[in-house]
Structures are given as C-alpha cells and as structure tokens.
Amino acid sequence: MKVFYSSPWVPVEWIEAHGLQPRGVWFAEDFGCGALSLSAGVCAFSEAVLRFAEMHHDSAVIFTTACDQMRRSFDAFAGSQPDRAFLFNLPATWQSPVALRIFRTEVERLGRFLQAHGGRAPATEDLAQIIERRSQARKQLLELAPRCSSRQYAETIARFHWDGSVRVPDHPPAPASRAIPLAIVGGPLTASQWGLLDLIEAAGARIVLNATESGERSLLPAFRLENVSDDPLGAVARGYCENCVDVFQRPNTRLYSWLGERLTARGVRGIVLWVHTGCDLWRAEAQTVRETFRLPVLLLEADAVPGGSPRETGRLQAFVETFK
Amino acid sequence: MNIAPRKLSLAEWDDRYAQLTRAGLKEPAYGGPLRRHIARESDLRLQHLHFDNSPAALRLWNFLLTENERLHQARAGGDKIVGTMKDLGTVPVMAYSLPGVRAFYPDGAWWTPCLMECSDHLLQQAEALGIDASFCPVRAMLPAFLNGEHFPRPDLLICSTGAVCDDFSAIAQRLETLGHSILWWEMPRRRQPDPGEVSCALPGNLFAPQVQVDWVREELQRVAQSLGELAGQPLDDQMLADGIQKANEVRRRLQALRTTVYSAPGAPLPALEMLVAEMLAIHFCSDRGETVAVLGELLAEAEKRVQQKQFIIGADAVRIFWVNPVADLRAMNLLEDWGGRVCGSDYMFTHALDLIPESLPPLEALARTALADPMVGSTTERAARIVRECRDFRAEAVVVSRIPGASHCAREGAIIREAVQKALGLPTIELEIPPVCDAMLLTLGSRVQALIETARARRKS
C-alpha cells in the first residue's frame, strides 16, 4: 500500500520498515495539477494535498501539524474519510525534553496506524538496514548538489522522497561559470513548479542552494545509530527531532544557522524566497532573511498554476540583472 | 431612579455621566467620563459606538480603556509585568497566583487600530517591519512593542507555540528576532485518544490522551519556574490552587452573566458590552480583583433588567450565535441595528470560560484547561460545542466572523457552517470584518440583513 506524506519530517524509514511504500507528494505527477478551487486565504499547497488525498482512494495520507493550514486541511479531509488520514504532530519547540517525547509518541502512533493499514510490525534489523540505506542515499544526494543543474537536483531529491532511490543524472551540465549563484529558500517546490528553476537559469543565474522544503534542506544528516538495536523507535525519533530544520520551529534559529553556513560557503549573492499564498510562516521571514544575511531577497509567491507567469519571469530576470 | 435600558452615543453619555455624578455615582480610581479616552488615548472609535447606559457598563468601559495606564502604574509601583501570548487564559492564572506579578496579553493590541481608527499607524508600522496586510490585525502588537507607546515592555514574555495560529506564531517569532526574548512552550495539537490509550477528561466535554496532558503539564512547570524566578519566590501548589479558585470566581460570574443575558427573551445587555465582558476572562484586564467587581455589577444589572422585563434589544430580534471576535467593535452595534442580537458566542477562548477543575493537582488542572482551547483541537470539535450552545441558547442563525488574514479562518468557517447546518439546519453566513468596517457597511449590512430575513422567514414556516 502507498503511504503519501506531505512533509520531509515524517520518518519514512518507519513507514518502510512496516513493509509499506512511503511516497513524498512532491514528485507525484498528478499533484497540484490543474486549477484548485481556493477560497480566500487557503494555501495552495495544503489544498493540493487535500485534493490529492481525495483522489487516491486506496492510499493512506500523512498530514502534519507544521502549520495551521495543513492542520485544518486534515480536519477537512478527516471529516469525510477519517480512517486513511494521519495527522503527525511535529513539535514546534526543540529545546525541551517534551519535544522529543512528543515526536517519539507520534512515531509509535504512526506505527499503529500503519499496522491498521496492512503494515507489519517492524523488525529491528530491517529498520537498522533501512536507516543505514537511506542515510547513505542522503549523503550521496548531498554530494551531488554541485554536479547537477538545479532542476536535475530538485528532481533527484524528489525521486528519493518518492521511492528511496538515487539516480545520478547521466549528463550533468557543466555549471556556467559566469552564472549568478543564488539560493532558493522557502516552502515546498513541487514537480509542477520546477519550471521556475529553468527560468532562473535562463535568466543567467544558478541555484547553488535549494533550501525549499523539498530541496536539500529535507536531507537529514546521518542518524546516530549506536542504540538502534536497543531502541529502534527512539533512534528514528531522535534522528528526525534533532535534525529537523524548518520555519515553524520556535525559536527558528536552527533554520538560520543551517542557511547561514551554506550561504557563506557557496558564495550566494541573492535569495529567492519561495512563499505559498497564505503561508504566514515563510512570508513573515522575508525581512529577517534580508536583515540576517544582508543579501538581496526576491519574494516569489507560488500560485496554483504550474509554470511561470510573464510577471514572475520579468521579476526574476530583473532580479538577476541587478547582479550583473 | 430607575432609568430604562438604552444605548447611548458618546455625546449622550456626557449628559448621562453628569447626571449620574450629580446623583452621587461612586467610581473606582480609574473612573471618569468616557469622552476623556479620546483626548488621552486617541480612542476615536468611541465616537462611532453606542454604549449601554448603566453605571455597570460605564465601569466596564473605563476598566477596559485604562488597562495600559493601569499597567504603567503597576510597573511604577514595583510590580513585575508578564507579557503572555496566544494561550488565551491559562498562563495569567499562574502569573496572578504570585504577589506583585501582573500578566497581560500583548495580543490585545489587535484592537488598538480599531479604537484609534488607525490614527496610530500601527498597521503601517507593522508593514515596515515586514508584517503586511496578509497577516491578522494582531500584527499591531509588533510596533506597539517597539515604540513603547501603549503597554509597558514586559519583564518576561511567554508564548505558546505548536498548534496555534500561524499569524501569531510568525509575528511573535519576528518580535523575538527583533530582540525580545520569548519563553516558548509547546501546545500539542489536541486529538482524540486512540483505542487503548489512557484518556483524560478536559473541561468543555472534551477528551485527550493523558500523555498530551502530561506534556502540557510539564511545559507549564517550566513556565511556573520562570514566573517564580521573576517574582523572587517559587510558585507552589498552594499558591496555584488559590489562584485557580480566584480565577474560577471570575469564570463563575461570567458564566452566570452569559446564561442570564443569552437565555433571556430579549437582550438585557448589548452584544458589545458582552464581548468586552467575555474578554475579561482571559487575563482579568490586568486586575483580577477588579474584574470580579466589574462582572458582579454587570450581572446585577442584567438580572435586574430581566426581572423587570426591561430589555435593550427586544424579543423580536433574531437570535444570532457569533463565532470569532470582531476586529471592529462597531460590528456588534451594527448587528443589533440590523435586527439581530447575540445569544451565544465563541470568541476563540471558550476554554477560558469553563471552570478550572479544583479537585486536581493545580498544574494538572491548568494543563487540562489549556488543552481544551478550541483553537488547538480539530475544527470539528469546536463546531460541536457551537452546535451545543446554539441549541442551549435557541439560536436562529450563526455568523462566522472572519478575521482578516488569520490563517485559521481560511478553512474553519466552511467546517463550522456545515456542522451547524447539518445538526440544526440553521442559516449561516461568513463575514470578514476589518479593524474599521465603515467602508464595508453596505456589504456587511446586506449580508447580515439577508441572514436575519431568512431566520425570520423560518419562524413563520
């Protein structure tokens, strides 16, 4: 059975160890396609997850509490189909012991949900192997970053979230030496939105850091595996809880540390802030991102229509031109 | 002298105040004519509101409108000031359990643009700080913190996070980034206990897994420790138990007031004064003892009017259940002008109206109360309480009032309206009310009147 998940902080190792297939929604061809009937203020991503869940009758869908919009999309979905939806409570705090306990309890609860949907009880050895394999894959993906075009890289990561595989692009293009190094930071960037990355490259820039929710930021560093045989569930919970880097965390200093290191190391000259309509969490960070990194920031609002609008293209081109 | 209940404009209140003074009106230290708040605080909106004509209402308004002044006085008198954010009702119970500590909600600044008719430019200043009109009017809090022209800068800032509104969480994070350190505590998203899980009863006929209550209790223990450090003495169980008893005194009075007003055939008090009175529950408007007195007077006035069958809104008005607080206070006046009356409410803090269990260890009781917050659970559960109260108070229609830009409003209205229609078949509408709604009067009026006409038509059928 397929188990679709909508946040990279849902422990896929745990799903896989139950013998089920975790599928990150970002790669799905039928995700976010077509016009969505959005009412005022509804986030297009949360609406797309809701519609996607409704379409896939034979699958389970995992929502998270990362934002108000996703919590309430879950409410809307669970109202009609409560049995195949799961709301994973991601703690916003991370500096107190309660956060880890919440995470651990949610992993346990997810296990019960998965078993109710045909999953088997996970064997410790299987879980350890899966953790090891996925850690290796993430490491390989992290190393790939400088060797792919930004679109190839986004696609490769999304494929990993889809089926756990790493497919190294056959002919990675040589990076244009004079292209302006930019970072893209923000919420989820789905398959139907990858055209944005082409637009950026066509404008004369290249994305050297994809810090969207579905980009490099979603690649957890390797877990500590010392206690995996004694406490496999704890290893999973710790691995995610200690390495989650996202805008909903309070305080969100981990996000800024993570970004700061990479922006400096990669010589980033400007930031494209990718914000979904109705996403307060990312929109509120625009000024802090400017002030903290002292880099030009272009706020691009994701809309429900795939591809770039002429206005979006024009803004991007002008943004890149300012660096030349 | 028995004066019939009536709503007065500010100018009419000038005369009424003079008359009451001549008759020997006794007022607390913060008393005085309402008009002075225009000169002192630029509360220009008062000129466009209509107020109940009782001395009890005068005391209520003066209490509300002097809060910042009283907080500054308390600071000058050596009290410690705690800014508590988002949880709406729980942390203040803890803070007021300690001597010399006062807690208030900076969130309350969301009404400042309304009261000052945007003459304060707080919303524009918020935009300059990166928080634009796509956020809820609570963004006024951000510049109010920085310019220090409204409430005093708190000695300690506490904010619940997790299953809370994104607007608020994002604005509070921005505040911290700008140098105001915050003690964050986790509020998990309340859920139903799974089969086999230990279940725990919460106020408001709700249930949650005991493990969630344990987490919240542990988080509140951290909060208690910080409050104790601020006060210079630990916040022990006895102090907390006393604090809970006193908070419950406020809640009992409010419950009695709501029952008296909302179940009466006509409305003995206007919707606007009831909205303000309900708001007192969340942090006692920075003075717990005075809150008890203010509510006591209002309750006595309401009971007297019911007994004498003197109503400020007649029995013919359509009984409306109102969901969410309004950014513009005038909206509550307008509803009554258009033929409705409020007969029940969910202003997003129903957990602050329910009694805190006194038979439990105090932190456990507070954890259960905090977790009963309607905004941290599913909208379906919130809707279930709304349905129950619509039934209890014989509502004829429901208004879901959207808060501009608020993340929870994007979806909750549809879920609540569907639940109400399914369970009760009542007509419902959703409205969006900005901080100053004058420019939208035609639209709002036509929508509310359509609802009222529909409800009236149902009476005949």
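Biologist: Which residue in S11(B) is the bridge partner of Phe321(B)?

Modeller: Val398(B). This is a predicted model, in which local features need pLDDT of at least 70 and side-chain atom pairs count only at pLDDT 80 or more, while totals for chains, interfaces and linings use all residues. Residues are numbered from 1 along each chain as its sequence is written, chains are lettered from A and ligands numbered from 1 in the order written, and side-chain values use heavy atoms, without hydrogens or water.

Biologist: What makes S9(B) and S11(B) a pair?

Modeller: Strands pair if DSSP finds at least two bridges between them. Strand S9 (residues 318-323) of chain B has four bridges to S11(B), and the two run parallel. Strands (E, at least two residues) and helices (H or I, at least four) are DSSP runs, numbered from the N terminus. S11(B) also pairs with strand S12 (residues 428-432) of chain B, in the parallel sense over five bridges. There, Val399(B) stands opposite Ile429(B).

Biologist: Why is S11(B) called largely enclosed?

Modeller: Six of the six residues of strand S11 (residues 397-402) of chain B are buried, so the rest of the structure largely encloses it. Buried means under 20% relative accessible area, exposed over 50%, partly exposed in between (1.4 Å probe, protein chains only). Ala397(B), Val399(B) and Ser401(B) point one way, Val398(B), Val400(B) and Arg402(B) the other, and all are buried.

Biologist: How do you know that Ser7(A) is buried?

Modeller: Its relative accessible area is 3%, so Ser7(A) counts as buried. Ser7(A) is in the loop between strand S1 (2-5) and helix H1 (12-17) of chain A. Beyond its neighbours within four places in sequence, Ser7(A) is in contact (heavy atoms within 4.5 Å) with Trp26(A), Thr64(A), Leu90(A) and Glu213(A).

Biologist: What makes Arg59(B) and Glu290(B) a salt bridge?

Modeller: A salt bridge needs a side-chain nitrogen of Lys or Arg within 4 Å of a carboxyl oxygen of Asp or Glu. Here the N to O value is 2.5 Å, and the side chains of Arg59(B) and Glu290(B) meet in a salt bridge. The pair links helix H3 (residues 55-65) and helix H13 (residues 288-307) of chain B, 231 residues apart. Arg59(B) is buried at 17% relative accessibility, and Glu290(B) at 15%.

Biologist: How do you know that Glu412(B) and Arg382(B) form a salt bridge?

Modeller: Their closest N and O atoms are 2.9 Å apart. Glu412(B) lies in helix H17 and Arg382(B) in helix H16 (residues 379-392) of chain B, 30 residues apart. Glu412(B) is buried at 1%, Arg382(B) at 3%.

Biologist: Why do you say that the pair Asp246(A) and Arg217(A) ties parts of chain A together?

Modeller: Their side chains meet in a salt bridge at 3.3 Å, N to O. Asp246(A) is in the loop between helix H8 (232-243) and helix H9 (253-265), and Arg217(A) in the loop between S6 and H8, so the pair ties together parts 29 residues apart in sequence. Both residues are buried.

Biologist: How many salt bridges does the rule find across the interface of chain B and chain A?

Modeller: Seven. One of the structure's salt bridges joins Arg101(A) to Glu218(B), with the closest N and O atoms 2.1 Å apart.

Biologist: What is the area buried between chain B and chain A?

Modeller: About 3,500 Å², with 48% from carbon and sulfur atoms. That is the accessible area (1.4 Å probe) that two parts lose on being put together, summed over both. Arg189(B), Trp215(B) and Arg411(B) supply 21% of the area that chain B buries against chain A, more than any other three residues. In all, 47 residues of chain B are in contact with 43 residues of chain A.
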